[in-house]
Amino acid sequence: MSGHHIHTPSYIKPPTGGWNFTPANWKQNTVLVLVGFTACCVGLYKLGEAGSYNPKLKYKEEELSRWNQSAKKN
């Protein structure tokens, strides 16, 4: 039942080109979308990194190892 097709006359064409329309510049459109998607991903990654907290950057290694040893004792 899903294979039924409603026949429309060939002189009726939608302005977008129909279901099987492939624009002449589809490669350029694809590259543009991929570049935009990559730019959004990089921007979101940098935004997330700016808001993250890494205690290794703030405290010295000696302090961190001392804290880890005292946490293991308890």
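Modeller: Happy to! The chain has three helices and zero strands, where helices (H or I, at least four residues) and strands (E, at least two) are DSSP runs numbered from the N terminus. In that order the elements read α-α-α. This is a predicted model, so local features need pLDDT of at least 70 and side-chain atom pairs count only at pLDDT 80 or more, while totals for chains, interfaces and linings use all residues. Residues are numbered from 1 along each chain as its sequence is written, and side-chain values use heavy atoms, with hydrogens and water left out.

Now to your helix. α3 covers residues 61-73, which is 13 residues. From first C-alpha to last, α3 reaches 19 Å, close to the 18 Å expected (1.5 Å times one less than its number of residues). Helix α3 is hardly covered, with one buried residue among its 13; buried means under 20% relative accessible area, exposed over 50% and partly exposed in between, with a 1.4 Å probe and protein chains only. Across the 74 residues of the chain, 1% are buried.

As for the rings, Phe, Tyr and Trp (its six-membered ring) pair if their centres lie within 6.5 Å, and planes under 30 degrees apart count as stacked, over 60 as edge-to-face and the rest as tilted. The count by this rule is one aromatic pair. Tyr59 and Trp67 form that pair, edge-to-face at 5.0 Å centre to centre with 70° between the planes. Tyr59 is partly exposed because its relative accessible area is 27%, and Trp67 is also partly exposed, at 37%.
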